[in-house]
Amino acid sequence: GERKRERERERGREGGRQAGSAMDTSNPAALVNAELLKRYVGRRVRCVVKVVRAEGNSAFAGLTSDSMHISIKQASPISSLSQFVEVIGVVDSDRSLRAEICTNFGDNFDMASFNQLVQMANSDYQPLFM
C-alpha cells in the first residue's frame, strides 16, 4: 500500500541517478489526463493538452486527452506554443496545473492513443512508467 510506495520513493531518491547517466529519475512526473489530476494535487505530473485559448499573459486553457478543459498557469506565451503541448508541472487542483516546462508537440498528435497510454500508466503497468 502507501507505506510500500513511500519506501520505493525513498529508495528512488537515494539511487535515482545511475552511474554514467545524466537522467535524473528521482522525481518522475506521472502521466495524467484531467480525470487523474485529483489524485496528484501538489505533485509533479506530465500531461499533453491541445491549446484552446489564452487566459491572460501567462495562462491558457487546454483540452486533455480525455476531452476535458483544464487551466495551465505560469505557461509560456501562447504565441510560442504549437497546437499540442506537453506540460510538466505541479497540480494545483482537479482542473488546474502550474507549468514548469511546456514542450511543443506540433500540430498533429493522436490524443486517443495518448489517453490509452495514460490509462496504462495509471493501472497495473504503473511500475513500468515510474
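Visitor: Which residues make the nonpolar surface patch?

Guide: A patch joins nonpolar side chains (Val, Leu, Ile, Met, Phe, Trp, Tyr) within 5 Å, using residues with over 30% relative accessible area and no salt bridge (a Lys or Arg side-chain nitrogen within 4 Å of an Asp or Glu carboxyl oxygen). Areas come from the Shrake-Rupley method with a 1.4 Å probe. Here L117, M120, Y125, L128 and F129 make a patch of about 480 Å². Keep in mind that this is a predicted model, where local features need pLDDT of at least 70 and side-chain atom pairs count only at 80 or more, while totals for chains, interfaces and linings use all residues. Numbering starts from 1 along each chain, and side-chain values use heavy atoms, without hydrogens or water.

Visitor: Which helices supply it?

Guide: α2 (111-121) and α3 (126-129) each give at least two residues; helices are DSSP runs of H or I, at least four residues, and strands are runs of E, at least two. L117 sits in α2.

Visitor: How many aromatic pairs are there?

Guide: Rings of Phe, Tyr and Trp (its six-membered ring) pair with centres within 6.5 Å; planes under 30 degrees apart are stacked, over 60 edge-to-face, the rest tilted. That gives three pairs. F84 and F109 are tilted, because their centres are 6.0 Å apart and their planes at 40°. F84 is in strand β5 and F109 in the loop between β6 and α2, so this pair ties together parts 25 residues apart in sequence. F105 and F109 form a tilted pair too, at 5.5 Å and 55°. F84, F105, F109 and F114 form one aromatic cluster.

Note on methods. Patches are made of residues with over 30% relative accessible area and no salt bridge: like charges are joined within 9 Å, nonpolar side chains (Val, Leu, Ile, Met, Phe, Trp, Tyr) within 5 Å.
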